[in-house]
Amino acid sequence: MNIASEAALAAARETFFSGKTLPEGLVPAPILRSWQRCADQGLHAGSTIRAEPMTAAELRALHEQNEALRLLSRSELVSLRTEARLTDSVVILTDSKGLVLDTAGSPEFAGRAAQVALRPGVAWSETSTGTNAIGTALAERRAIEVHGAEHFFEPHGILHCAASPIFDPYGKLAGVLDMSGHASAEHTHAMGLVRLAVEQIEHRFFNRAFDEMTVVRFHRSADLLGTAREGVLVFDGDKLVAGNRRALHLVGLDRKALRQSKREEIFEGAGLAIDRGELRARNGERYFAAVSQPRATPLHVTGTLPRAAKSARPSPLLTPQTRADLARAIRLVNAEIPLLIAGETGAGKEVFARHLAGLTNRAGKPFIAINCAALPESLIEAELFGYDAGAFTGAKKSGAKGLVQQAEGGILFLDEIGDMPLLLQSRLLRVLQDKEVAPLGGGTPQKADFVPVCATNRDLKAMVDAGTFRADLYFRIAQYTVTLPSLAELPDREDIVATLWSQLASAHGRLSEPVLARLAAHHWPGNYRELAGTLRAIAALSDPGTPITLADLPQTITTGTASPIIHDGNLGTLTESAMRRAVDLHRGNLSAAARALGIDRSTLYRRLLWKSRLDG
């Protein structure tokens, strides 16, 4: 906001708080409505804010009540934490009443934010803290930005906040995600990042609790099926009971339609019949779609992928060298010697580790996997080592057993070990050396019987040289390293594609030679993960028994646009030119470009944003 607009906003505040009528257009309409609501409640802009924090017991109860939301939002808090640190901001998750559940981001700004009560356990509804992005997003039920003096209370003028409400599948408010930073800084992309993260969270709601209902996933673009951009509607019998905002927008409905609309009012045809992977809506639009029928009902819907194929876990496809490594790895695990699995993103490191576990003398024992890059630093220690009752704010009354102890007698798989914070690396080293685990809170150390198997797509040796990974931990976990090859390195890709297709889509028969050859010729920067996902999508959009043709393949494969995009699977070495080239080749479609690069769309968005800020 420039000086002129700040002066205009200051004048608008003076006019409003003096009781005069404020002309339209001086402040955004949602801000003016919020100011009026605050004034009607008797709030005074110059008052001292008295935000009483919760007691430890109250905050613990709040966390338990919102455990599902916190779990579903965890990945987004991790993803946005880096961006928040770059912009000296904090990311905030609240419940449906505006009570702060978790924060992540810049420690420096968090200290200043605490001065205006931007911390866990404090209420940021309009009734408590006046006009602010969290409270106003709840009141308006829409995403909103509140900058500087647009806040009702004067002390909040130091903030720029961008927030979006989070709706559950039934259209009810579940919480709010907010990014707040200093008003003097530029926050051009904060709202875009928050909207994207909320879309991911809302999409994740549909991964659970709908097995007994009919779930329709659809979009105008086949490439967006299976992503957070797809529309999702859920039917209990014929009644529409749940859906995300994207789906409601696509078919021209609002949240009021939930539990009021019927299936035949939305889609044409009996029983959600899909023709060549497409579904026709009553509004005349045709969408690419996939339908999951209730678990108790045999699946007879044309064009959908059988449930068994959806959940099938492909067996590892091993080269002669990898088979030899597997034989050595079995002997090492049986001898309780740690193992490191290296390879590009999507190369099948966890699939290899699980297969290995089933062939050792620890088969049938726990296989506990944890992604070290997917947990906030504040949670990873408690997740790994457990905690005693009252060890920290929000801890369960009974305490909790850590993942290390849950792996008792089996294998602890630490994926993305290169992303483990340095402080945690030293603690993990002690656990590996002593084979004892002491929970947070000073509990008595307990003996632990497990074999660590770690995985990484990073060059840990280079990280050791750079001082970002402990040398002593590296030599402890990498006593033997198995390196999985990328798909691009393998000469027999046609056999690999054919084998994986038979595992994932046996009902569709064999692939024709032209289709097999084209799939094998693709570069597959996302390796097995990208290949398996593409094959699932092809099967979902095709009728069982109908031959797959080149026209059925995604455009990125038929045009060969992915071939020039080569990287080593390490996000740290992915060049800006490769990212820009991927976006250009996919005509600005970030989702398609991210898939070609083998990374998340949000990761690509943040990296390009970060690069542009460095250049600017």
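Analyst: Two strands count as paired if DSSP finds at least two bridges between them. Strands (E, at least two residues) and helices (H or I, at least four) are DSSP runs, numbered from the N terminus. The model is predicted, so local features need pLDDT of at least 70 and side-chain atom pairs pLDDT 80 or more, while totals for chains, interfaces and linings use all residues. Residues are numbered from 1 along each chain as its sequence is written, and side-chain values use heavy atoms, without hydrogens or water.

The sheet is open and has five strands. Their order is S2-S1-S5-S4-S3, with antiparallel pairing. S2 (100-105) and S3 (144-147) are the edge strands, each pairing on one side only. From one strand to the next, the twist averages 20° (axes are lines fitted to C-alpha atoms, for helices over the stretch in contact; angles run from 0 to 180 degrees between N-to-C directions).

Take the S1-S5 pair. S1 spans residues 89-95 and S5 spans 173-182. They run antiparallel and are joined by seven bridges. Within this pair, valine 91 has methionine 179 of S5 as its bridge partner.

Helix H7 (residues 133-140) packs on the sheet. It touches S1, S3, S4 (159-167) and S5 (contact: heavy atoms within 4.5 Å). The direction of H7 makes about 35° with that of S4. Helix H8, residues 190-204, lies across S3, S4 and S5. H8 runs at about 20° to S4.

Now the parallel pairings. S13 (residues 411-415) pairs in the parallel sense with S12 (residues 367-371), over five bridges. Here phenylalanine 367 stands opposite isoleucine 411. S13 also pairs with S16 (residues 451-456), again in the parallel sense, over four bridges. In that pairing, leucine 412 faces proline 452. S13 is mostly covered, with five of its five residues buried (buried: under 20% relative accessible area; exposed: over 50%; partly exposed in between; 1.4 Å probe, protein chains only). Ile411, Phe413 and Asp415 point one way from S13. Leu412 and Leu414 point the other way.

Last, the cysteines. The whole structure has zero disulfides (a disulfide is a pair of cysteine sulfur atoms within 2.5 Å). Cysteine 372 is in none: its nearest cysteine sulfur, on cysteine 454, is 7.4 Å away. Cysteine 372 is buried, at 3% relative accessibility. Cysteine 161 is buried too, with a relative accessible area of 3%.
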